[in-house]
Amino acid sequence: MAKLSINVNDPVGVINPNIYGHFAEHLGRCIYEGIWVGEDSDIPNTGGIRNDVVAALKRLRPSVIRWPGGCFADDYHWQDGVGPREQRPQGVNIHWGEVPEPNAFGTQEFVRFCRMVGAEPYIVGNVGSGSVRELREWVEYCNYGGDSTLARRRAADGSPEPLDVTYWGVGNENWGCGGSFSPEDYGTEFRRYATFVRGFGKQLYVIACGPSGNDVEWTVRFFRKLKKDYWDFRNIHGFAAHYYCGTAGTSTAYSEAQWYELIWKGLRMEDLVVQQRAAMDAYDPQRKIGLIVDEWGTWHPAEPGHNPRFLYQQNTLRDALVAATTLDIFNRHADKVVMANIAQTINVLQAMVLTDGPKIVTTPTGYVYEMYALHQGATAVRTTIESDTMPVTAPAGGGDLPLVAGSASVKGKTLFVTLTNSHAAQAVELDVELLAGVKADGAKARVLTGDIHAHNTFESPASLVPVATKVEARGSRFTVGLPAASVVALEVALA
Ligand code: AHR
């Protein structure tokens with residue numbers, strides 16, 4: 001037995017749709033094969049972009065997609081990826097297997113892909129090996145509506161109208177693959193770059209590189225530096241941390257203990273959100289600068305038979321539980337988190353979609369995004385959950401894992417509740433109470449559940465898909481059955 005109380009009249013904040021963002025890097029088969037197959041491919045495509053992938057992603061409602069990296073971003077020179085494709089230089093992807101980079105997929109192709117799936121583009125500039133001029137000109141190429149050589153080049157490349165890119169990142173992981181900077185040195189670089197990232201009449205959203213995991217020291221030293229030298233500096237709108245919860249076992253082979261261990265590691269995201277926001281609040285109490293987590297997810301050993309640098313991994317019900325519990329954290333902290341981008345969209349790490357030649361499969365994680373889409377833009381409301389816990393031993397500590405978790409949001413007369421039961425073997429009867437005199441008048445529910453190792457393959461693509469389930473929700477108290485190892489999405493009509 002577990003208990004959930006929801007106070008519909010106690011709002012936390014509007015859930016920024018950008019929390020449901022993705023990340024697509026030139027890494028392994030994410031871009032090439034995953035998105036881009038070229039116009040001459042036998043795989044059905046529109047202008048080189050796979051139709052099946054676009055259709056699959058659209059169903060998940062990705063709000064924003066971050067590109068071109070990752071580590072790749074700080075070795076990417078955007079001019080290599082525009083102009084006639086046959087004239088683009090062939091480079092080498094130094095971070096991801098030293099494989100050839102054909103530059104066939106560049107700025108135009110990326111923005112076109114985003115528009116096809118209904119997402120906003122988020123472009124990450126090159127700080128580590130690029131120049132301020134390069135980034136400033138990239139923005140001009142994308143966004144300048146007047147007459148300039150770069151605007152004319154954009155028109156010649158097929159876009160007479162500005163590409164209208166709002167989100168710009170100033171480097172990626174600049175404490176590591178993005179240049180090995182100290183927080184103070186990155187602070188200096190950030191100011192220099194951001195000074196020249198101009199909107200050309202459009203309000204941009206400029207994002208600084210945040211810490212590796214929950215490294216509060218990076219955050220404090222970066223903001224202290226910014227404050228000390230230049231505190232009237234305002235061209236910073238977001239600050240982005242990265243957190244990978246890693247693995248326990250492999251993508252598909254794990255014990256029950258490892259099932260719990262990985263979910264527990266995923267839940268450390270809550271510490272990151274609370275502690276990073278608190279560190280930022282000391283410098284930005286009005287929260288003008290948004291906390292972002294623009295890379296997160298599971299990271300298993302690459303599948304045997306695949307290039308280990310391509311980070312290709314299967315995705316099971318365990319990954320779905322990690323995705324669901326993490327999205328619930330972001331929803332519950334809608335007042336703190338403004339964007340999050342799972343790593344990565346296709347064929348890399350915790351992907352939404354896997355492809356193999358012409359075959360495609362949506363992963364359990366992809367289905368979680370589909371199930372959770374109604375939260376986008378709704379108002380998160382305060383919830384309390386009492387449930388049993390499971391003691392977990394993990395390399396970095398361990399502790400008690402709450403077995404039932406979730407979040408709730410309201411839009412109009414609909415209350416949307418998402419829930420997880422992490423117990424590997426036991427179903428839970430959840431007693432739901434709507435506080436403050438609010439009453440339910442019926443509900444629809446979908447559930448994703450199976451064996452703890454369940455996953456979809458190219459041979460069996462529908463082994464694990466969400467199914468509709470019956471819930472009797474009337475009045476201010478009702479019960480919802482949560483099967484063992486499950487994600488449940490509940491759409492409640494309010495009386
Ligand atoms: O997502 C894979 C890699 O993980 C990214 O390139 C990098 O930013 C992070 O370390």
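**Exercise 1.** Find the helix that holds Tyr186 and Phe190, and work out how their rings sit.

*Solution.* Start with the helix: Tyr186 and Phe190 both belong to α5 (residues 183–196), four residues apart, about one turn of the helix. Helices here are DSSP runs of H or I with at least four residues, and strands are runs of E with at least two, numbered from the N terminus. A quick note on the source: this is a predicted model, where local features need pLDDT of at least 70, side-chain atom pairs count only at pLDDT 80 or more, and totals for chains, interfaces and linings use all residues. Residues are numbered from 1 along each chain as its sequence is written, and side-chain values use heavy atoms, leaving out hydrogens and water.

Next, the rings. The structure holds 24 aromatic pairs; rings of Phe, Tyr and Trp (its six-membered ring) pair if their centres lie within 6.5 Å, with planes under 30 degrees apart called stacked, over 60 edge-to-face and the rest tilted. The Tyr186 and Phe190 rings have centres 6.1 Å apart and planes at 50°, so this pair is tilted.

**Exercise 2.** Is Phe190 buried or exposed, and which kind of aromatic pair does Phe190 form with Phe222?

*Solution.* First, the surface: Phe190 has a relative accessible area of 0%, so Phe190 is buried. (Buried means under 20% relative accessible area, exposed over 50%, partly exposed in between, using a 1.4 Å probe and protein chains only.) Then the pair: Phe190 and Phe222 are edge-to-face, 5.9 Å centre to centre with 75° between the planes. Last, the location: Phe222 lies in helix α6 (residues 216–230), 32 residues from Phe190, and the pair links distant parts of the chain. Phe222 also counts as buried, because its relative accessibility is 0%.

**Exercise 3.** Why is helix α10 described as largely enclosed?

*Solution.* Count along residues 364–372: eight of the nine are buried, so the rest of the structure largely encloses α10. Among the buried ones are Pro364, Gly366, Tyr369 and Met371.

**Exercise 4.** Where does Leu482 lie, and which residues does Leu482 contact?

*Solution.* Begin with the strand: Leu482 is part of β25 (residues 477–482). With 0% relative accessibility, Leu482 counts as buried. Now set aside neighbours within four places in sequence; contacts (heavy atoms within 4.5 Å) then include Val404, Leu419, Ala427 and Val488.
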